Amino acid sequence: MDKKLKVGILGGTGMVGQRFIALLENHPWFEVTAIAASPRSAGKTYEDAIGGRWKMTTPMPEAVKKIVVQDVSDVKAVAASVDFVFSAVDMTKDEIKKIEEEYAKTETPVVSNNSAHRWTPDVPMVVPELNPEHIDVIEAQKKRLGTTRGFVVVKPNCSIQSYTPALHALKVAGFEPETVVATTYQAISGAGKTFKDWPEMEHNIIPFIGGEEEKSEQEPLRIWGHIENGEIVKADGPVITTQCIRVPVLDGHTAAVFVTFKEGKKPTKEQILKAWKEYSGEPQALELPSAPKQFIQYLEDDNRPQVDLDVNYENGFGVSMGRLREDTVFDYKFVGLSHNTVRGAAGGALLTAELLTAKKYITAK
């Protein structure tokens with residue numbers, strides 16, 4: 001790419017916004033040129049707006065420190081200075097839907113980390129390795145919005161990234177999961193928190209995360225759906241039931257998964273491991289800048305995957321599986337791990353933006 005595309009971060013002061021900024025440092029295709037947030041941050045330099053609230057383990061990039069934060073609701077002004085935006089705004093769902101479509105109507109593509117548009121029929125919800133074909137529905141969305149280059153694309157919930165890729169690889173290999181039980185053990189950064197912000201989570205487990213179980217059960221079905229009459233129609237199965245538990249871990253969502261296959265479609269253990277090892281998608285074929293070389297890894301040790309050892313696999317863009325074995329009630333059980341704020345949040349959106357750029361949906365204005 002001859003000239004970097006200009007990127008705006010909506011909600012740039014929050015944890016996911018900060019993760020976007022950290023991931024975009026020295027990106028070969030994209031450059032942060034605008035940061036927008038709430039009115040209380042507007043008018044301050046990014047460094048001053050953050051104050052002591054920088055939550056990443058790497059230092060704040062020098063290139064963004066002096067960018068003056070804009071009011072996210074000043075849509076035309078923000079959109080005028082960028083080629084596209086990442087959205088991580090902290091608003092109600094109705095407010096998010098409205099403002100993301102307002103940005104799209106300025107002919108500015110929106111790649112969103114938010115959940116508000118995940119079930120909008122003509123908005124693709126994308127894991128680039130799993131359902132890149134869903135971006136074709138953007139053409140129908142543009143007609144609805146009355147735009148030529150503006151649109152909204154979203155990424156799915158962070159909790160599903162630790163097991164859906166593993167199931168998807170098996171589906172592609174010809175095996176058909178019929179029933180899935182998944183319990184996710186989710187890091188506190190998924191709530192936008194650190195232990196400094198949330199000291200009551202130390203040495204504690206909370207067996208409820210609002211709305212998370214419904215997302216974990218339904219969003220994989222939308223990923224496995226198809227386009228019909230300009231809308232995404234979700235798949236009928238498999239049947240998925242989940243429990244989502246908050247655990248005292250900073251980054252990394254772990255899943256304990258049980259799966260039964262349709263009659264005659266049960267693979268051997270060797271076939272499962274082969275399907276995981278050989279699976280790759282469009283990001284790998286296109287050699288996108290952030291794409292993991294090996295999307296799914298399997299770890300043979302009984303005590304893996306572990307957050308401490310494995311959460312940053314492939315810079316947090318890969319997913320790790322372990323403990324695959326036959327079960328006495330279901331066909332198989334295994335454990336998965338993904339980085340919830342990289343693969344599951346900002347990084348997933350970044351990889352989606354790279355895919356959209358490679359496919360010429362995102363271009364310079």
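**Figure 1. Glu219, tucked away in a helix.** At 1% relative accessibility, Glu219 is buried (buried means under 20% relative accessible area, exposed over 50%, and partly exposed in between, using a 1.4 Å probe and protein chains only). This residue belongs to helix α8, which covers residues 212-223. (Helices are DSSP runs of H or I with at least four residues, strands are runs of E with at least two, and both are numbered from the N terminus.) Skip the neighbours within four places in sequence, and Glu219 still touches Arg118, Trp119, Met125, Pro156, Asn157 and Ile160; contact here means heavy atoms within 4.5 Å. Keep in mind that this is a predicted model, where local features need pLDDT of at least 70 and side-chain atom pairs count only at pLDDT 80 or more, while totals for chains, interfaces and linings use all residues. Residues are numbered from 1 along each chain as its sequence is written, and side-chain values use heavy atoms, with hydrogens and water left out.

**Figure 2. The whole chain, before we zoom in again.** Twelve helices and 14 strands make up the secondary structure of the chain. Its radius of gyration is 20 Å, close to the 21 Å that the globule rule gives for 365 residues, so the chain is as compact as a globular protein of that length. (That radius is taken over C-alpha atoms, and the rule is 2.2 Å times the number of residues to the power 0.38.) Along the principal axes, the C-alpha atoms fill a box of roughly 60 × 50 × 35 Å. Of the 365 residues, 57% count as buried. Look at contacts between residues at least 6 apart in sequence, and 76% of them join residues at least 24 apart.

Figure 3. Ser87 sits in strand β4. Is this residue buried or exposed? Ser87 is buried, at 0% relative accessibility. Its side chain makes a polar contact of 2.8 Å with the side chain of Glu100 and another, of 2.9 Å, with the side chain of Asn114. (A polar contact is a pair of N or O atoms within 3.5 Å; within protein, one must be able to donate a hydrogen and the other to accept it, and residues adjacent in sequence count only if both atoms are side-chain atoms.) Ser87 and Asn114 are 27 residues apart in sequence, yet their C-alpha atoms are 7.0 Å apart in space. Beyond the neighbours within four places in sequence, the residues in contact with Ser87 include Leu10, Phe20, Val110 and Val111.

Figure 4. Among the buried ones are Met15, Arg19, Phe20 and Leu24. What do the buried residues of α1 pack against? Their packing partners are β1, β2, α2, α3, β4 and α12. Just after α1, Asn26 takes a positive phi of about 60°. His27 is in the loop between α1 and β2, and it is buried, with a relative accessible area of 4%. A polar atom of the His27 side chain lies 2.9 Å from the backbone nitrogen of Trp29. Setting aside neighbours within four places in sequence, His27 is in contact with Lys4, Pro289, Ser290, Leu350 and Glu354.

**Figure 5. Ser73 on a loop.** Find Ser73 in the loop between β3 and α4. Ser73 counts as partly exposed, at 49% relative accessibility. Its side chain has a polar contact of 2.8 Å with the side chain of Asp71. Ser73 and Ala36 are 37 residues apart in sequence, and 8.4 Å apart in space from C-alpha to C-alpha.

Figure 6. Most residues other than glycine have a negative phi, and most peptide bonds are trans. Now meet some exceptions. The bond joining Gly237 and Pro238 is cis, with omega about 10°, and Pro238 lies in the loop between β9 and β10. From Arg304 to Pro305 the peptide bond is also cis, with omega near 5°; Pro305 is in the loop between β12 and α11. His203 isn't a glycine, but has a positive phi of about 60°. This histidine lies in the loop between β7 and α8 and is exposed, at 81% relative accessibility. Arg323, not a glycine either, has a positive phi of about 55°. Arg323 belongs to strand β13 and is partly exposed, with a relative accessible area of 35%.
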